[in-house]
Amino acid sequence: MPADVNGGPGEPTPSARPGSGAAPDPGAAPTPLVRDLRDDDLDAVRAIVDHAIVHTNANFCLAPEPRAAWVARLAAVRPRHPWLVAELEGAVAGVAYSVPYRPRAAYAHTAEVAAYVHPDHRGRGLATALYAALLPRLEAAGFHTLFAGIALPNEPSERLHARHGFERLGVLREAGRKFDRWHDVALWQRRLRDSDHRPPEG
Ligand SMILES: CC(C)(COP(=O)(O)OP(=O)(O)OC[C@H]1O[C@@H](n2cnc3c(N)ncnc32)[C@H](O)[C@@H]1OP(=O)(O)O)[C@@H](O)C(=O)NCCC(=O)NCCS
């Protein structure tokens, strides 16, 4: 794994859960800790994403990627793109991140985002907490536009993006083939800045 060149681990933030503010309920689910991905999180993150690759159409890889591919991707993107994990009781239970949307230079201010949560911990606000931390980081990093491609159907992911201000632009019909059938992809967008925003040169 590369060194963390993304500004170092941010201050870990016990994330706010929807509806927080009331007195803690001793029987409630533990609050996730959202923090920057560390090098030693890689295998836990891979396991979470690999589960989605093997069992769902949410990720268009047809099979898990080798560890070396992850290492290379992180080295390439993390200088600019935040990768965050949600910890529950000391174990990584979810990840949210951005990657470049497309390689050509005019897309330099555009990122693609995604989140993956361990199947045992879904529906408990982890992805919501991760996005609540990820989006301000992307804004601070100077990004203008975010996209998410959501293979359908995926109500949790569509609701996640809707809650965080993304707009559903439309559906790319039969955009991918996995499990021996075609899959539609909903394209969601969030603009982080006004249209007259001019990023610094460079
Ligand atoms: C999509 C995913 C990341 C959501 O993570 P999560 O931690 O379970 O999501 P949250 O608990 O924060 O809930 C997010 C929204 O989905 C809704 N939701 C959660 N589980 C749901 C379910 N089973 N059915 C319908 N809606 C659901 C929540 O109510 C919430 O919507 P709201 O804000 O309108 O109330 C998770 O389901 C996952 O990892 N899925 C497999 C991988 C994947 O699809 N990744 C997205 C790739 S774009």
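Predicted model: local features only at pLDDT ≥ 70, side-chain atom pairs only at ≥ 80, totals over all residues.
View 1. The chain has 202 residues, and 26% of them count as buried. Its secondary structure comes to 4 helices and 8 strands. Along the sequence these follow the pattern β-β-α-α-β-β-β-α-β-α-β-β.

**View 2. The buried side of helix α4.** Helix α4 spans residues 155-163. Within α4, S157, L160 and H161 are buried. These three lie on the same side of α4 because they cover an arc of only 90 degrees around the axis.

**View 3. The exposed side of α4 and the residue after it.** E155, R159 and A162 are exposed on the other side of α4. Just after the helix comes G165. G165 takes a positive phi of about 85 degrees.

**View 4. The shell around the ligand.** There are 24 residues around the ligand. A58, R122, A127, T128 and R159 come nearest. R159 is also one of the exposed residues of α4. By class, the shell holds 12 nonpolar, 7 polar and 5 charged residues.

**View 5. Elements that supply the shell.** β5, α3, β6 and α4 each give at least two residues to the shell around the ligand. Helix α4 gives the most, with 6 residues.

Key
Residues numbered from 1 in each chain as written. Buried ≥ 20, exposed ≤ 12 C-beta atoms within 10 Å, placed from the backbone. Arc of directions from axis to C-beta. Near = placed C-beta within 6 Å. Nonpolar A, V, L, I, M, F, W, Y, C, P; charged D, E, K, R; others polar.
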